[in-house]
Amino acid sequence: MAGGGGSGPQVAGTAVASPGLALAPPLLPRIRVEPGLRAGEQPVPPRLGSSQDSSSSHRSPRSPRGVAGGGGATGAGAVHRHPSVATTAMGAALVVATGGGFVLGLRSIRPLRRVGAGSAPKRLRRWRRVVCGSGGAAVPTVERVEEEIGAVNASPPDANEATGDDIVQFDSAVYFAEEEEGSMSLDVIRMGTMKGTIKVDYHTEDGSAKAGQRYESVSGTLVFAPGEVFKTIKIPLITLNKWDTTLEFKIILTNPKQCELGRYLYLSRVKVIGPLFFPSTRYSEGMTQYGSTSEGFQKAGISGLDLFLEYCKLNLTVPGIKEKSIGILIIDQLNNFYFLLTTYIVQYAADGVLSVTDPQQLQQLPIPGQKEETLILLAVLYLLPFAVLNLLDVWKAQQKVAEESRAALQKSIFRKYLNFDEISRSGVSSSDLGLSMISDADDIVSSGYMNVFELFKQLGKLLVSLFFIGQENPDTLPPTVLVAAAIAVFIALNYEKSAELREEVSERQARIVDVAQEASGKISLIGDYRVRPLMEDTLAVRIEALNEASVPVSTTQVSNDYFPSWLSNLLVAGYIAFGGVAVLEGTVQIGTFLATVGIFKGISDTFKDIFTASLELSKAIGPIVKLTELLNKKTNLRAQKKINRRRRAVTKEERSPENLARLRKLSGQRFGTDAIPIRLENLTFSYPNDPPKVKNVSVEVPQGSLVAVCGPRRGGKSTLIKLLGQVLDPSSGEIFMPSYLRILHVSASPIILEGSIWRNLTIGSINYWRDPEFESMRAIRICQRLGLSSRFMTILKTTRERFLAGEDDDQDPESRNWRNFLSISDVMLVHLARAFIYNPEILVMNRPTSQLPEQLANEVFGLLREFVDNRGIELDPSSAEKRRPRTAFISFARAGGVLNSDVVWVVEKSTIRVAAKEEVSAILVA
């Protein structure tokens, strides 16, 4: 039995009303009185593109298909009638069910909130007594009905009769702050009677922003005195004076006393916006003046090496990287000192031990008179430091400096991309994003940052080698320095060219990835039009271009490898020829000669390693320039911050105690805050270099409305939908929606994520779940009512327990491949189910039924109606007035959707006008 409250048969009573009779919204929401009906006439069901009355789509979740509110009648347009139906002279009629069900207006396609007999508000019970008398049989006079209805509408509900305690929640789902502001203030608002003292605890919780690094953790208790409508929490922010992506943390309300928490906004997020320019603010003036592009960098005199050095400084600020980097540098230099130590040990073994014959000199050995024991000691001194260095190098390899640096960079790229505005995002292809995260980030870290350690290591080795030569064989120092200078000049001359050649190879690799991604994502189109050979030819051309670009890189690499080797080998050969003469003449000992040859050979290798490391580092120059362009693209964060703060400020003004009292009295609603209208004020928007899509538009609509957005093709419907859904920001003017209302934009093109069914359906909404058992069953019921396939529903039900347990449902092949068997309609229905499960206060949809057949489209119309009227789908109607009103802005592709709406906005010629539903022609919903 519908209504879930009464028992026994339904008894229909009648009521009469005069034209223009006002009914209090909480009492009888959405009742429509149809004039012109005569006694005994059946009303004509409204047309929704089919012969079925959409009321069947609005049935109670617990009612069988086709039963309108549990009264027993079935079929299209079925209406419960009672023999005592009376009509006024004006010809208006209403049918009021009294057995614990609901009130149903004739011809109405809007479901009324079901109210159980035991839980019905007193005003509704009084209405029932007026209409039907104590026994449900008497029919009152017209005057008596109008008198009682007027009494009901004359005064707001008695605050002492509220069905529950006051509600406390945050005034916004997301807050925005810039770190240089030093702190973030956010408000906790109170809704309800405002009587009595209430308390609630709060605390912060880490997200990508960590307490002590980005903000200071806070916690405490808020105490609302009687009449207080908001309290402010202040959170200190930590200014780091370095670039970082936008990081966020959570703030949570808990332990309410004498009140209850909002269903969703007991939890909110704070986004901390960092400095504008990557990798630092050092070149901000040049980037501001000339733009953050490769051409702009050239005009500003900013080289790729400049950007790389700034990145290295930035990377040292990543937690733990600085300390580990210093450790690696020290270990590398210890290796160089070991090289110097072993050189001296070899020299001493030859000149100071093996060649000694004088007894007096033998007594001066470390172990006097014992050559063999002294050699053993030297061998121990040779090996022992090596063992220590081995352990230190193992420690160095375990520090994950490259891995952590690369991860920090990849996370930054991804976070930044997620916050791009629509124009910036449209300029970055998926292949560019993928290569930036995988290839460019790796080149910057592995070839760049980690190669700096190698460069310092080899430079240190060169210095200790020059020290040995200067101490033991100073005559060879000038040619050695000359060779080092020649190699440095060669590096300087060939560095830019090598970097450009490598970057050209990287660009052509990206174009190959583009072809592969396009073929993968559009394989059905390629097959349907039989253009596989064309795609293969395209790939072959790009592979050939890559090969052509790779040859100069390989050739240059060979030349680069041999040049330092030639110079160092000439140095060794020259010393053998001329230094050997000094040995023959007795001016240089054999040990010193051999040690110097070893040093020269080491210097040869060092020169080659320095040159190789320098060229390897050039692999990072192109990527760092590309990444600087990417990470400095425009985001919508600062625009969103401005809009968010403006909405919060206006909301605070609208929610003054005096205004709330006035709104409660005027609207008759328990929460005056629910009567604050949604307004477009002098709204203007235009795309770059285009005329305005909307210009100086001002219009408003009450919360709890289903608004149909119509208009001719290319008239601006989609643009308005994106503006309402916060995808686009106004060029001027504003869209005011109370800041505590969550807004969800649902695109016309369905999107399915990688992962499980449940991950797709609950993304975003699961963050707010406090009763996973109820919420998951609600998700199943919504999918069932949308008409998703039985196969889909089977997988959804069988994987629910694993999902709630936090287990991966990819163990079963069918569950893993669930996306493969979805029809086009199913894909769209999953897209819509996700939105209904999320249950935003403001739902913005673009052409939600354009890919659905007529029957499924009507089901969606019905669910949209329930979403608005019941303040959510598959939620308890008896608690509806505790929930915030649901408002929907829908760009319909069918006339049936427009007929199902409350308000019609027609977008044309850069304006928005409110139209009657009857005016809307097929061309306006095309």
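How many residues does the largest nonpolar core have, and which of them have the most contacts inside it?

Modeller: Happy to! One note before we look: this is a predicted model, in which local features need pLDDT of at least 70 and side-chain atom pairs count only at pLDDT 80 or more, whereas totals for chains, interfaces and linings use all residues. Residues are numbered from 1 along each chain as its sequence is written, and side-chain values use heavy atoms, with hydrogens and water left out.

The largest nonpolar core has 73 residues, and those with the most contacts inside it are Ile233, Leu680, Leu720, Leu724, Phe889 and Trp905. By nonpolar core I mean a set of buried Ala, Val, Leu, Ile, Met, Phe, Trp, Tyr and Cys residues joined through side-chain atoms within 4.5 Å. Buried is under 20% relative accessible area, exposed is over 50% and partly exposed lies in between, with a 1.4 Å probe and protein chains only. Take Phe889: leaving aside residues up to four places away in sequence, Phe889 touches Ile678, Val701, Val707, Ile721, Leu724, Met737, Ile842, Leu843, Val844, Met845 and Trp905, where a contact means heavy atoms within 4.5 Å. A second, separate core of 65 residues includes Ile302, Ile321, Ala441 and Ile603.

Now for strand 15. Helices (H or I, at least four residues) and strands (E, at least two) are DSSP runs, numbered from the N terminus. Strand 15 (residues 706-710) is mostly covered, with five of its five residues buried. Leu706, Ala708 and Cys710 point one way while Val707 and Val709 point the other, and all are buried. Two strands pair if DSSP finds at least two bridges between them. Strand 15 pairs in the parallel sense with strand 19 (residues 887-891) over three bridges, with Leu706 opposite Ala888. Strand 20 (residues 903-908) also runs parallel to strand 15, joined by four bridges, and there Val709 faces Trp905.

There is also an open, antiparallel sheet of three strands in the order 14-13-16. Strand 14 (694-701) and strand 16 (732-736) are at the edges with a single partner strand each, so one side of each lacks a neighbour in the sheet. From one strand to the next, the twist averages 15°. Axes here are lines fitted to C-alpha atoms, for helices over the stretch in contact, and angles run from 0 to 180 degrees between N-to-C directions. Strand 13 (residues 678-685) and strand 14 share five bridges in the antiparallel sense, and Leu683 stands opposite Val697 in strand 14. Helix 17 (residues 637-654) packs on this sheet, touching strand 13 and strand 16, with its direction at about 55° to that of strand 16. Helix 19 (residues 717-724) packs on the sheet too, touching strand 13, strand 14 and strand 16, and its direction makes about 125° with that of strand 13.

One last stop is helix 26 (residues 854-869). At 1.5 Å a residue, its 16 residues should span 22 Å, and its end C-alpha atoms are 23 Å apart, which agrees; the expected span is 1.5 Å times one less than the number of residues. Helix 26 is mostly covered, 14 of its 16 residues being buried, and it is followed by Arg871, whose phi is positive, near 60°.
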